[in-house]
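Morning, everyone. I'd like to talk about a ligand and the residues around it. Please have a look at this.

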Amino acid sequence: MVLIMKKTSLLFLCIFFLAACDRSEESGLKEVSLPIDKNATEETKALFHNLKELAKTNVLYGHQDDLAYGYSWWAEPGRSDVKETTGSYPAVYGWDLGDIRQEDKTTNLDNIEWENMKGWIKEGYSRGGIITISWHMNHPVTDGNTWDRTPAVAAIIPGGEQHEKFKTWLDTFADFTQDLIGEEGELIPVIFRPYHEHTGSWFWWGEEQTSVEEYIILWRFTVEYLRDEKGVHNLLWAYSPDNQAGREFENYMKKYPGDEYVDILGMDDYGSMDQRDPAEFSDELAWLVEEANKRGKIAALSETGVESIPNPSWWTGQVLPAFESNPKAKGVAYILTWRNANKERENRDHFYASHPDHASAPNMKEFRDTDLIMFEDELPDLYTIKNSN
Ligand code: BMA
């Protein structure tokens with residue numbers, strides 16, 4: 001009898017609880033998701049929240065260096081291979097700060113003038129686009145380039161002999177980000193993706209050159225120095241191991257700096273988009289989405305592509321199924337394909353988005369026309385929180 005009564009009251013309690021939940025849904029209030037920086041600017045908080053919401057229904061398309069140059073043009077205002085191929089600019093603009101240091105060099109490692117880059121960042125943002133910045137950072141000990149594999153991390157973390165010098169590089173980075181100002185005087189939010197592809201060994205912060213402890217200390221120091229000492233509050237932090245076309249999830253998390261230090265679980269992967277069974281890769285993306293959701297983070301395919309797109313139906317034949325084969329993979333927030341190097345200047349076919357004369361151009365347009373994939377002209381306002389359904 002006592003048991004029956006207990007069961008009945010439990011039932012009533014459940015009904016009451018469900019009704020209460022219903023009412024909060026009716027009122028249209030939604031929980032706001034917050035980034036790791038509790039003092040992030042309003043626009044940065046809004047971007048985190050809105051991107052997380054948008055990821056439930058769409059995958060945004062992004063392209064590296066999109067406004068700076070294309071396969072057959074260089075620094076011409078308004079131009080974009082992506083827009084000329086599909087009718088819209090990309091929703092996400094990738095830029096890289098490689099070669100930014102305490103010196104007079106006026107361009108990045110791919111010859112983009114810093115001041116022009118700032119202009120293009122402002123332009124993309126003013127149209128509602130998302131800005132993400134990677135950093136092929138020079139070697140802080142030898143002053144060589146980012147591909148100098150001499151170990152360096154122990155020397156630049158606190159206590160290391162190059163620590164003070166390294167901080168001046170971060171200062172330059174801070175200055176750059178604080179000079180990104182929107183039309184209302186607000187700081188432009190940036191998805192910052194430092195020390196990327198560290199599961200490979202091609203950069204000085206790579207797997208063979210850096211211990212787990214060193215990598216985590218470097219990451220956390222960078223967050224704390226920029227956020228707490230330099231007062232940089234327009235960043236979302238993206239962690240982006242290289243997936244190396246395998247189910248190496250343990251590897252993915254091996255040097256994870258922790259949920260307090262990361263907003264976006266990114267993944268860089270070139271190999272998987274090159275003739276690998278998209279269904280397999282889709283399962284890996286699904287894993288990434290689940291992992292991100294579990295931690296209150298956002299999942300992103302932060303760098304990918306196949307050089308010169310030899311398969312004319314690559315966009316709908318390889319990329320789309322990577323998101324659709326496993327329906328959970330649709331929860332990836334965005335994909336960023338790498339840059340379209342200028343053919344004349346670099347004398348090579350090093351492009352990762354279609355350009356209008358390429359055989360894959362109609363297929364990229366088809367990809368853009370699907371309901372799942374979103375380009376810039378379809379974006380909702382990402383920089384204010386509506387807090388309603
Ligand atoms: C690589 C290549 C290089 C380039 C570097 C940084 O993948 O595109 O040519 O310098 O990225 O953008």
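Predicted model: local features only at pLDDT ≥ 70, side-chain atom pairs only at ≥ 80, totals over all residues.

Eight names to find around the ligand: L109, D110, H136, W147, W338, R339, R348 and H350.

Residues are numbered from 1 along each chain, and side-chain values use heavy atoms, without hydrogens or water.

Now the polar contacts, meaning N or O pairs within 3.5 Å. The side chain of H350 has an N or O atom 2.6 Å from a ligand oxygen. For R339, that distance is 2.7 Å. For R348, it is 2.8 Å. The protein covers 79% of the ligand's own 310 Å² of accessible area (Shrake-Rupley, 1.4 Å probe).

Where does the ligand sit? In the largest pocket, with more than half of its atoms within 2 Å of the pocket's grid points. That pocket holds about 290 Å³. Its lining has 18 residues, with H136, W147, E303, W338 and H350 nearest the centre. Seven are nonpolar, four polar and seven charged. A pocket here is an open set of points on a 1 Å grid where a 1.4 Å probe fits, with protein on both sides within 12 Å along at least five of seven lines; lining residues have an atom within 4 Å of a point.

Methods: Points joined across faces, edges and corners; volume = space filled by probe spheres on them. Nonpolar A, V, L, I, M, F, W, Y, C, P; charged D, E, K, R; others polar. Near = heavy atom within 4 Å. Polar contact = N/O pair within 3.5 Å; in protein donor to acceptor, adjacent residues only side chain to side chain.
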